[in-house]
Amino acid sequence: MINILIADDHTLMRDGLQTILNLEEDLRVVASAGNGTEALALTEKHRPHLILMDIQMQGLNGIECTKQIKQVFPETVILILTTFAEDDYIVEALAGGAAGFLLKDMPGDKLIQSIRDAAKGQFMLAVGHCGQTRVKAPFLNWGRTSAA
């Protein structure tokens, strides 16, 4: 079972993702946060295997939150899920410890597969409209325990 935390400032997005993900037998949303500060507290409380993290949230943004979570919980897999495909965001998020960068316009089945792949240690990178690249990256697993 892959336990997931969703961090997004849009309630509809959080609720929709939770509905889609909880339909899968191997995925379970354990918490959702409306900002980075909540995401930090809920990560400590629930210790999710994977976090879907938006970038632009009030207060502590997704990139800074990712950095802080990875310092305390390096085994947590964080996928950035955003509408912003800007190079600066991608570089900063990945440098901060994110295991992937995905766009919100991707189909649900692709998101589900990306979550499963990232939980197995693959690096996920959105490369264009509804597309992504999966890269086997064993070095991303240093210090991680298997979530699958």
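**Close-up views of a predicted model**

**View 1. Glu92 in helix α4 of the predicted model**. Glu92 counts as partly exposed because its relative accessibility is 34%, a value between the 20% limit for buried residues and the 50% limit for exposed ones. The residue belongs to helix α4, which comprises residues 87–95. Apart from neighbours within four places in sequence, Glu92 is in contact with Ile63, Glu64 and Lys67. For one of these partners, Lys67, the C-alpha to C-alpha distance to Glu92 is 9.6 Å, with a separation of 25 residues in sequence.

**View 2. Asn3 in strand β1**. Strand β1 spans residues 2–7 and includes Asn3. With a relative accessibility of 12%, Asn3 counts as buried, since the category requires a value under 20%. A polar contact of 2.7 Å joins the side chains of Asn3 and Arg28. When residues up to four places away in sequence are not counted, Asn3 touches Val30, Pro48, His49 and Leu50 as well as Arg28.

**View 3. Residues 129–148, a segment with pLDDT under 50**. For the chain, the mean pLDDT is 87, and 84% of the residues reach 70 or more.

Notes. Residues numbered from 1 in each chain as written. Predicted model: local features only at pLDDT ≥ 70, side-chain atom pairs only at ≥ 80, totals over all residues. Heavy atoms only, no water. Helix = DSSP H or I, 4+ residues; strand = E, 2+ residues; numbered from the N terminus. Buried < 20%, exposed > 50% of the residue type's maximum accessible area, 1.4 Å probe, protein only. Polar contact = N/O pair within 3.5 Å; in protein donor to acceptor, adjacent residues only side chain to side chain. Contact = heavy atoms within 4.5 Å. pLDDT = per-residue confidence, 0-100.
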